[in-house]
Amino acid sequence: MAIATTALNLILIVVATSYDPMSVAGEWLIQGYKRVISPLQGKDICNFNPTCSQFTRTAIHNYGFAAGILMGADRLMRCNGFAWTYLGEHYSGVRNDRLVDPVEQHLAWQTPPLTEATKPQRPHRHTLPKTASVCDSSMLFATRLFETDAFREAALEYLRVRFSSHSPQIQTCASLMAGEAYLAGGEPANARRAFAMAKSSAAASFVTYGIARTFFVEARYSDTRRLLNSTIGTGNTLACREDLERQTRLLYAWSLYREGRFKDAAALAASIASDSNCLQLSRLDGSAIRRRSRLAATLFSAI
C-alpha cells in the first residue's frame, strides 16, 4: 500500500508540474531514502533544518537532477555531530534544535557565504578604545575605506597615519584600527602584527582581545584561551570594560564550542549577560545533538 501511495504521488507530480524525467527519478530516490535508509539510522536523526531529504528535493527542483543529487550527497556527508562545531561559521543559526542550512546558503561547489549572522566573531567597531573619537579627522579617509569594505587599503592607510603621527594616542588608535581592518579582510597574521603595535598600557586589553581573535580565525583555539586567560576578570579602567569583558568571555566560550566541548561552552555562555549569541550557546550543551555517524553518512551519500 505504501509503495502504491508513493507511486500515485509521483504520478500526480508528473501531471501537475513540469518536472523532467530525471527530476522525477530524483523524487523516487528521495522517497526510497526516507522509507528504507533513513529509518536504519535512527528516529529523528537529521541535524539540519530543512532535513537532508527536503534539502535534496529542493536542490533538484532549483538546480536540476545532477546538481541536486551532488548537493544532497554533500549534505549527507555534512550531517553528523561534528556539524554543530561549525555553528557561527558555516551555519547561520538554530531552529527547532537543528542547524539552519537552506539550499541557497550551502551549495556543494562553493564555499558558504559568511553573512553577518554567521560571523559572530567579526570585528566590531565598539570594541575600540574611546580614544578613537579623537582620531576621526586624521583617519577620515581610512575610515571611509573601512566602511566600504576596502579592508586592506584601509589597513595600509591606518598604518600610514600611525607612522606619520607624533601623538601616542593617535598611534595607538591607528594601530588598533589597522588590526581591525586586516582581521575583517581575512588577514589574521597581519592583524596580529598591527594590534601588537599599540603600545599604550590603556589599550592592553584591546590588544590582547584583538590578537586572541586572530588566533580564533586561524582555528588556534587553545592559543585563543591561553591569551584570554590573562585578561578575564582583571581590572580595566576603560569606560567599556564591561562590554569588553563580555566579548572576551563569549570568544572564550566559542573557542570551547568549536572544539566540541559543548557543556563547558554552554556553562560559560550562561554566565554572560543576555546576548543573542550567548543565549544560543547557553542552550547548546550537546544534549540535543544528533549522533549520526560520519562514516555512515558518507556511505549513505555514496548510495
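I started at Val94 and looked up its bridge partner in strand 3, which is Leu99. Strands here are DSSP E runs of at least two residues, helices are H or I runs of at least four, and both are numbered from the N terminus.

Before going on, I noted that this is a predicted model, where local features need pLDDT of at least 70, side-chain atom pairs count only at pLDDT 80 or more, and totals for chains, interfaces and linings use all residues. Residues are numbered from 1 along each chain as its sequence is written, and side-chain values use heavy atoms, with hydrogens and water left out.

**Sheet**

I followed strand 3 (residues 98–100) to strand 2: two bridges join them, and they run antiparallel. Two strands pair if DSSP finds at least two bridges between them. I then traced the whole sheet, an open one of three strands in the order 1-3-2, with mixed pairing. Strand 1 (48–49) and strand 2 (94–95) each have a single partner strand, so they stand at the edges and one side of each lacks a neighbour in the sheet.

**Aromatic rings**

How many aromatic pairs does a search of the whole structure find? I got four. For a pair, ring centres of Phe, Tyr or Trp (its six-membered ring) must lie within 6.5 Å; planes under 30 degrees apart are stacked, over 60 edge-to-face, and the rest tilted. Trp254 and Tyr257 have ring centres 5.8 Å apart and planes at 80°, so I logged the pair as edge-to-face. Tyr257 also pairs edge-to-face with Phe262, at 5.0 Å centre to centre and 70° between the planes.

I checked where Trp254 and Tyr257 sit: both are in helix 11 (residues 241–258), three residues apart, about one turn of the helix.

The cut-offs are under 20% relative accessible area for buried, over 50% for exposed and in between for partly exposed (1.4 Å probe, protein chains only). Tyr257 comes out at 0%, so it counts as buried too, and Trp254 is also buried.

**Charges over rings**

I looked for NZ of Lys or CZ of Arg within 6 Å of a ring centre and within 35 degrees of the ring normal. Arg78 lies over the face of Phe48, 5.6 Å from the ring centre. Arg162 does this with Phe163, at 5.0 Å.

**Asn62**

My last stop was Asn62, in helix 3 (residues 52–63). Its relative accessibility is 45%, so Asn62 counts as partly exposed. Glu104 is 42 residues from Asn62 in sequence and 9.4 Å away in space, C-alpha to C-alpha.
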